[in-house]
Amino acid sequence: VSNRLGGCDPRAVPRYLVEAYGAASDAAVRDARTTAERVAQLTAGVHHLRTTFLPDDETILHFFDAPSAATLEQAGREANLSFQRIVEAVEGDGPAQ
């Protein structure tokens, strides 16, 4: 989707945070990241942006751009991505709500 200036409007595609819990090991984080990347490979319109691990909380956060939370949830299940919840995320320069 283009904006008036001819560039791509990053707000046109929703961004989601996928929260998961995992063991505090390099292998577990690597496996989670690989599976998150597979989610994007299997589903058109879904893009894996990054995976962040919070070792003190044993929490893995995946960030995706996707057409909808439902599309992302289905793609995650098809790729066997372990997760507890999916929530829409707004970057720091996004609209206040």
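1. Helices (H or I, at least four residues) and strands (E, at least two) are DSSP runs, numbered from the N terminus. By that assignment, Asn80 sits in the loop between helix H2 (69–78) and strand S4 (85–89). Asn80 is not a glycine, yet its phi is positive, near 65°. Its relative accessibility is 64%, so Asn80 counts as exposed (over 50%; partly exposed lies between that and 20%, and buried is under 20%, with a 1.4 Å probe and protein chains only).

2. The model is predicted: local features need pLDDT of at least 70, side-chain atom pairs count only at pLDDT 80 or more, and totals for chains, interfaces and linings use all residues. Residues are numbered from 1 along each chain as its sequence is written, and side-chain values use heavy atoms, with hydrogens and water left out.

3. S2 and S3 pair in the antiparallel sense over seven bridges (pairing requires at least two DSSP bridges between the strands). His47 has Asp65 in S3 as its bridge partner. The hairpin has four residues between the strands, and Glu58 takes a positive phi near 50° there. Glu58 counts as partly exposed because its relative accessibility is 41%.

4. Twelve residues form the largest nonpolar core, among them Tyr16, Val39, Phe64, Leu72 and Phe83 (a core is a set of buried Ala, Val, Leu, Ile, Met, Phe, Trp, Tyr and Cys residues joined through side-chain atoms within 4.5 Å). Strand S1 (15–21), helix H1 (26–42) and H2 each supply at least two residues of this core.

5. Leaving aside residues up to four places away in sequence, Tyr16 touches residues including Phe64, Leu72, Ile86 and Val87 (contact means heavy atoms within 4.5 Å).
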